[in-house]
Amino acid sequence: MVPALLVLALAAQDSLPRVTLAEALQRATRLDPGYVAALGQIDNAEWARRSAFTAFILPAVTISTSATRSSSPTFNLGTARVQLTSVTARLDASYDLFTGGAKVAGLHRAGADLDNAEAGELEARLLAALQTESDYYAVLADRELARVAEDRVRRATEQLDVARARVVSGAAVQADSLQLLLQLTSARVELLRQASALRISRLQLGRRVGIAGPVDAAPLDTLRAPDLPISLDSAVHETLAHGPAYRAARAAASSAEATLTAQRAAYFPRAT
């Protein structure tokens, strides 16, 4: 017979929280560390682009203050008073009229960094979805394998009972049932292994969707999957044109080119 604890573990799957594939994707995307970090990179890149754009409009402002205290009273010509402490405040504003193209290069670099961050966000979102779907289908596969292992134990038990009955009736010798006993033991070991793999996959899915504990996957439709909307050649073409890795590489090249232009602008005179 199957151990009682294993039977309880397999029967407890009805009490587990269950998520659909769409729910798992929605929850996992919000909780994935890589995706959250990619969103932060986009926010930083947007503020850097705003800063590069405001350099064309707003001047650079510097505020400074100083305080001086004398050991003896001094006469202040500005206030016509004798005082021990003098406080000075200064406000400077400057605007760069000509920088040799450094401002334009900085704006182009900020735009390229923003494109790079957006491509990284898309890649992180797709990677999170891929990992979530992999964990989701792993739960479905391990659950079916555990059910197959349970059926194998049931069949081996029935065959062993029949063999023992034949031994008792004298229709067979006891050595004939030894092979069936070995098959039953092997089936029980396989059932334990599949039950352990199922629990691990459920725990992994729970970690992916942000639930403390194992999570079961809702069964999918058994209908035949529809054909892909694009062919392999079209997929390769779209990947080379709009893929996140290609977009990130192209943005990195544009950022490097803008950085080189800004470095060359340092050799030109500046008008402020």
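In the predicted model, glutamate 190 counts as partly exposed, at 25% relative accessibility. Its side chain meets that of arginine 193 in a salt bridge, with an N to O distance of 2.8 Å. Both residues belong to helix α5, which comprises residues 176–209, and they are three residues apart, about one turn of the helix. Arginine 193 is likewise partly exposed, its relative accessible area being 49%.

In total, 11 salt bridges are counted. One of them links aspartate 96 with arginine 270, the closest N and O atoms lying 3.3 Å apart. Because aspartate 96 is situated in the loop between β3 and α4 and arginine 270 in the segment after α7 (244–265), this pair ties together parts that are 174 residues apart in sequence. Aspartate 96 is partly exposed, with a relative accessible area of 24%, whereas arginine 270 reaches 51% and is exposed. The latter assignment follows because residues are called exposed when their relative accessible area is over 50%.

The loop between β3 (81–94) and α4 (102–169) also contains tyrosine 95. This tyrosine 95 is partly exposed, at a relative accessible area of 32%. Together with Leu97, Phe98, Tyr267 and Phe268, Tyr95 forms a nonpolar patch on the surface. The accessible area of the five residues together is about 620 Å².

Threonine 29, by contrast, is buried, with a relative accessible area of 17%. This residue lies in helix α2, which spans residues 21–31. When residues up to four places away in sequence are not counted, threonine 29 touches Tyr35 and Arg125.

Notes
Residues numbered from 1 in each chain as written. Predicted model: local features only at pLDDT ≥ 70, side-chain atom pairs only at ≥ 80, totals over all residues. Heavy atoms only, no water. Patch = residues over 30% accessible without salt bridge, like charges linked within 9 Å, V, L, I, M, F, W, Y side chains within 5 Å. Areas by Shrake-Rupley, 256 points an atom, 1.4 Å probe, with all protein chains shown as cover. Salt bridge = Lys/Arg side-chain N within 4 Å of Asp/Glu carboxyl O. Helix = DSSP H or I, 4+ residues; strand = E, 2+ residues; numbered from the N terminus. Buried < 20%, exposed > 50% of the residue type's maximum accessible area, 1.4 Å probe, protein only. Contact = heavy atoms within 4.5 Å.
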